[in-house]
Amino acid sequence: MDVRVSIVPVVDGEKIVMRLLASYVRSITLTELGFSETHQKILTEAVHMPYGMVLTTGPTGSGKSTTLTALLKMRNTPDVNISTIEDPVEYKIAGVNHIQVNTEVDLTFAAGLRALVRQDPNVILVGEIRDGETADIAVNAALTGHLLLSTLHANDAPTAVPRLLEMGVEPFLLASTLKVVIGQRLVRRICPHCRTSYSCSIHDAQKMFKGANKFFPNRGSVTLYKGKGCDGCGGTGFRGRIGIYELLAITPAIEDLIIKHASSTDLSIQARKEGMHTMFEDGFEKVLSGMTTIEELKRVAAPPDILFSKHGKK
């Protein structure tokens, strides 16, 4: 088990956060991460394209690097040249060329990516796109015959598009290179040893979140689950975590919106018309299947009605 440590000074001393990096993550699959069959089909097609860009978005600690590791594993064969530039290298994968960012010798994401393009790679992973220079090189690499995987800090998948445009990426270049954007969060998984079920009515659900009736079609109540707490989970009712996801596939209609500098709300509306499920909707399926609780889902994701009503649209 590797530990990534962050320490900052606070008034009363120091605050420490320790991120545990388990070795088993190197062999984890999309199914184990919580991707649905539909999402897996989209990602499998995207990651086997000869060129283009696949991004995953979310806050720090939402599992973005783990998702990219699972995607890299799908392409990691002896005949595929895979190189990465990361800060830091969290998971070392046999057969993959890892480069560690080192600002002391001016080895930044942009400099490393510029060098990697000359290494004749098939797949490039950039740990994070955090500035305009890196974004510009990444888009051009994806445009010239490379499959590029990276992460971006954004609230959801559609928000990644205006973020990249704000960094100075040309809309027509972004529209032609971007293939899929993944939005993700992590929720705690109900402990399988002490999981118990209970009935929740539409009336009770509407008290918990707006638009609950849309998730209870033609049913007066649904069966939900929670953990009672046991020795196996330390009395918390949870054991482990699982991801909830939304996938923005770049279709011709989405490409037109990107070229027109459309807002993230307009992109979301169009994507939902084409079948995209939001993170909350994906999470609610996991709530119904007993993987997590409705309270845990509400902690990390907002229902679609709340998201769009803030922008005056429903």
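Below are my entries on a helix pair, some salt bridges and the aromatic pairs.

**Entry: before starting**

I note that this is a predicted model.

**Entry: two helices side by side**

I began with helix 9, residues 252-259, and helix 10, residues 264-273. I looked up the angle and distance between the axes, as these are how two packed helices are described. The axes of helix 9 and helix 10 come within 10 Å and cross at roughly 170°. Angles over 145 degrees count as roughly antiparallel, so I wrote down helix 9 and helix 10 as roughly antiparallel to each other.

Next I asked which residues of helix 9 and helix 10 meet. From helix 9, I listed Ala 253, Ile 254, Leu 257 and Ile 258. From helix 10, I listed Asp 266, Leu 267, Gln 270 and Ala 271. Sorting the residues of this contact gave me 6 nonpolar, 1 polar and 1 charged.

**Entry: salt bridges**

How many salt bridges does the structure hold? I found 8 of them, and I picked out a few to look at.

I turned to Glu 128, which forms a salt bridge with Arg 130. The closest N and O atoms of Glu 128 and Arg 130 are 3.0 Å apart. Arg 130 has 44% relative accessibility and so counts as partly exposed.

I then went to helix 11, residues 279-288. Here Lys 286 forms a salt bridge with Asp 282, and their closest N and O atoms are 2.9 Å apart. Lys 286 and Asp 282 are 4 residues apart in this helix, which means that about one helical turn separates them. I checked the accessibility too: both Lys 286 and Asp 282 are buried.

My next stop was helix 12, residues 294-300. Arg 299 and Glu 296 both lie there, 3 residues apart, about one turn of the helix. They form a salt bridge, with 2.5 Å between the closest N and O atoms. I looked up each partner in turn. Arg 299, at 53% relative accessibility, counts as exposed, whereas Glu 296, at 2%, counts as buried. I also noted a network: salt bridges that share partners join Arg 4, Arg 19 and Glu 90.

**Entry: aromatic pairs**

I counted 2 aromatic pairs in the structure. One of them is formed by Phe 35 and Tyr 245, and it is stacked. Their ring centres are 3.7 Å apart, with 20° between the planes.

Where do Phe 35 and Tyr 245 lie? I traced Phe 35 to the loop between helix 1 (30-33) and helix 2 (37-47). Tyr 245 is in strand 11, residues 238-249, so this pair ties together parts that are 210 residues apart in sequence. Phe 35 is buried, with a relative accessible area of 4%. Tyr 245 also counts as buried, at 2% relative accessibility.

Then I looked up Phe 280 and Phe 284, which form a stacked aromatic pair. I noted 6.4 Å centre to centre and 20° between the planes. Both residues lie in helix 11, 4 residues apart, about one turn of the helix. Both Phe 280 and Phe 284 are buried.

How values were computed. Residues numbered from 1 in each chain as written. Predicted model: local features only at pLDDT ≥ 70, side-chain atom pairs only at ≥ 80, totals over all residues. Heavy atoms only, no water. Axes fitted to C-alpha atoms, helices over the stretch in contact; angles between N-to-C directions. Parallel < 35°, antiparallel > 145°, perpendicular 65-115°, else oblique. Contact = heavy atoms within 4.5 Å. Nonpolar A, V, L, I, M, F, W, Y, C, P; charged D, E, K, R; others polar. Salt bridge = Lys/Arg side-chain N within 4 Å of Asp/Glu carboxyl O. Buried < 20%, exposed > 50% of the residue type's maximum accessible area, 1.4 Å probe, protein only. Phe/Tyr/Trp six-rings, centres within 6.5 Å; stacked < 30°, edge-to-face > 60°.
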